[in-house]
Amino acid sequence: MEQIVKAEIGGRELTISTGKIAKQASGAVIVQYGESMVLVTSAASSEGKDDIDFLPLTVEYMEKIYAAGRIPGNYMRREMGRPSEKATLTCRLIDRPIRPLFPDNYTNETQIIATVLSMDKENDPDILAMIGASASLAISEIPFDGPIGAVRVGRINKQIIINPTIAQQNDPECDINIVLTGSKTGITMVEGGGNIVSESDVMDAIFAGHDAMQPIIAIQEELARLAGKPKMQLPEKRINQELLDEIESLAKEDIKAALKTEGKFGRKSAVKKVKEKVKEALAEKYAEDENLITPYFEKITKQASREIVLKEKKRIDGRAFDEVRPIACDTKILPRVHGSGLFTRGETQVLGVLTLGSGQDEQRVETLSGDESNAFMLHYNFPPFCVGEVKRLGGPSRREYGHGALAYRALEKVLPKKEEFEYTIRIVSEVMESNGSSSMGTVCAGTLALMDGGVPIKAPVSGIAMGLVSEGDEIAVLSDILGDEDHTGDMDFKVAGTKDGITSIQMDIKIKELSRTILEKALHQAKEGRLHILDKMLSAISVPRTDISEYAPKIVTMKIKQDKIAALIGPAGKVIREIQSSTNTNLEVTDDGTVKVSANSKEASDAAIARINEICLEPEIGKIYPGKVARTTDFGAFVDLSPNTTGLLHISELANYRVAKVTDIVNPGDIINVKVLDVTRDGKIQLSLKEADPEQAGKSDDSDKKKKDSGKKGGFRKNRNDRNSDNNR
């Protein structure tokens with residue numbers, strides 16, 4: 001039997017229904033908002049895996065193009081196997097807030113699939129998929145410490161909007177766009193950005209969203225009461241307390257000493273030696289539970305790391321809680337690229353590389369909302385050598401997509417408008433070393449590369465990753481966390497922005513929720529660290545360079561009349577292709593007559609512009625132009641000023657005296673200078689030779705007559721009788 005629950009969210013009705021579709025899944029719901037609908041299913045294996053100590057959870061988000069009433073534009077005309085970048089990022093939005101809410105002893109393979117069934121181009125399905133994941137788990141037999149709510153928070157003209165439409169999100173006045181999830185009492189995940197907004201504005205937006213999601217949590221609880229299944233009983237996780245206590249007694253102090261070893265690999269080696277010592281001492285005694293030694297040792301290591309912070313008030317590398325590791329910044333690392341920056345913070349190092357292109361280099365993407373083009377791209381690469389590992393290289397992972405999107409939002413807000421800087425911009429982040437927040441290193445390296453490349457950004461951007469260790473009332477917020485601190489801590493909170501405000505933010509936690517007090521403290525401490533990092537960056541390069549790289553394409557914009565567009569393009573693009581080929585340039589022509597010429601040199605650009613001017617010439621009255629006589633008539637000559645522009649040179653405008661025959665002065669094929677006398681409304685052009693060529697205009701009728709007479713007396717002209725006599729010979 002179908003069950004439906006409803007709530008008003010952001011002035012629109014949200015409905016969650018179950019019991020009608022996909023009834024064989026562990027949990028299946030349809031979430032509808034406006035005319036956008038998403039089916040979300042949860043399924044799990046009946047038994048857990050004894051040999052693993054992690055949650056085998058997979059999340060898939062499937063964009064069906066039919067949902068928007070369209071046929072896919074690819075060759076196969078069907079949704080292809082590889083998800084889009086938007087779909088990949090949505091998978092991460094679903095996964096991150098729910099993963100910490102499963103029991104530690106739950107190891108059953110679990111899969112969540114969100115399928116977009118209908119898309120109204122107003123309400124983004126990603127929020128519906130996040131809500132659906134929580135609701136489907138809540139009504140299933142899968143153990144889940146939920147439900148949670150999810151909303152998007154926007155701000156336009158200082159007014160908070162819950163679940164802004166896609167059009168509102170794209171509004172130039174929208175200066176906050178944040179996706180968040182939460183429980184009844186706290187925040188569980190944050191992802192989004194702002195247009196250089198203050199920490200207090202971000203906090204207000206987050207907790208306005210937290211208030212707005214409470215009805216979403218309430219209707220999920222109601223749906224669970226109406227249609228929920230009994231939760232599966234998990235076998236109690238067997239604990240060998242004696243072994244655990246003995247490892248703690250034998251190794252805890254040694255582990256603490258090893259954790260304080262300087263350097264990532266030195267620390268790792270020291271901890272490994274302690275682990276080997278423990279195995280050697282206990283393997284024989286606990287032969288039946290030898291496989292428990294490693295997970296128990298890791299548990300004690302995590303406890304030891306947290307005790308160093310909370311009890312000794314230190315960090316494993318000896319820094320103060322708010323201290324940032326040493327920073328080094330360099331630019332002009334690569335000689336032939338258009339801009340480069342190397343950012344090093346402790347044992348994290350990122351090379352940012354800038355490439356500038358023309359409009360033809362824009363990224364074109366097919367989305368549920370329609371085809372889109374992006375003039376800014378940021379691609380993040382995390383090769384295995386950056387953490388000293390050996391792995392097979394492949395395409396970008398979900399993590400790489402997520403880190404790239406975080407850095408993209410951070411830098412996008414400070415880029416110049418397209419009218420001011422007409423280049424397509426691509427930044428590639430190559431992570432060279434990683435021990436703590438390479439995504440924030442990407443923000444810093446990307447800023448250095450932009451400034452090195454002469455991109456007139458509004459302000460430089462820096463970023464920092466914050467951590468948290470909490471036990472009861474004891475709380476420690478850590479600035480610029482190490483990889484080990486991220487692994488053993490409770491929070492990974494990344495904040496990027498300029499000196500005046502935040503541009504990008506991301507928060508994940510491993511505990512159930514965070515309070516406003518902790519978030520405010522983390523944001524305040526992050527600002528101090530961010531400004532410190534920014535000062536170090538500005539000591540390397542303080543402002544964008546005044547000129548772009550000599551190797552970057554040169555882009556010149558010009559305007560032609562709309563009725564000349566067809567002539568410039570030519571039949572089937574023949575003319576524009578010939579210009580591009582002969583001048584080694586790229587031309588872009590828009591419907592309003594704007595022409596952008598992109599070339600690798602000024603000479604090539606000038607050559608293309610000259611060709612365009614020839615084809616699209618708009619003669620100016622009073623100006624002199626070179627022209628070629630196309631044909632003559634009794635009343636004048638037609639002169640081509642360009643391949644598509646012809647004017648009439650009337651016989652009366654050939655000279656200051658009466659001309660008997662046009663061909664006495666000009667003949668087809670002659671190259672002459674002519675002056676434009678007038679351009680009529682219907683486009684007819686009147687030309688003058690005598691005003692353009694004073695020497696020609698000054699020749700008298702008498703002088704010309706003498707020439708003709710001299711020709712009759714044996715000069716270069718012969719009369720008709722002479723020619724006839726020659727022929728008779």
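Leaving aside neighbours within four places in sequence, K314 is in contact with I308, V309 and F321 in this predicted model. K314 lies in the loop between helix 8 and strand 11 (327-331). With a relative accessible area of 47%, K314 counts as partly exposed, because that class covers values between the 20% limit for buried and the 50% limit for exposed. E8 is 306 residues away from K314 in sequence, and the C-alpha atoms of the two are 48 Å apart.

Two of the contacts of K314, I308 and V309, are among the buried residues of helix 8. The others buried in this helix include I293, Y296, F297, I300, T301 and A304. An α-helix has 3.6 residues a turn, so residues three or four places apart point the same way. The buried residues of helix 8 pack against helix 6 (241-259), helix 7 (264-282) and helix 11 (483-488), and also against strand 18 (462-471) and strand 19 (474-479). Helix 8 has 18 residues (293-310), which at 1.5 Å a residue should span 26 Å; the end C-alpha atoms are 26 Å apart, so the two values agree.

Strand 23 is joined to strand 24 (residues 594-599) by 5 bridges, and N586 stands opposite S598 in strand 24.

Definitions and conventions:
Residues are numbered from 1 along each chain as its sequence is written. This is a predicted model: local features need pLDDT of at least 70, side-chain atom pairs count only at pLDDT 80 or more; totals for chains, interfaces and linings use all residues. Side-chain values use heavy atoms; hydrogens and water are left out. Two strands pair if DSSP finds at least two bridges between them. Helices (H or I, at least four residues) and strands (E, at least two) are DSSP runs, numbered from the N terminus. The expected span of a helix is 1.5 Å times one less than its number of residues. Buried means under 20% relative accessible area, exposed over 50%, partly exposed in between (1.4 Å probe, protein chains only). Contact means heavy atoms within 4.5 Å.
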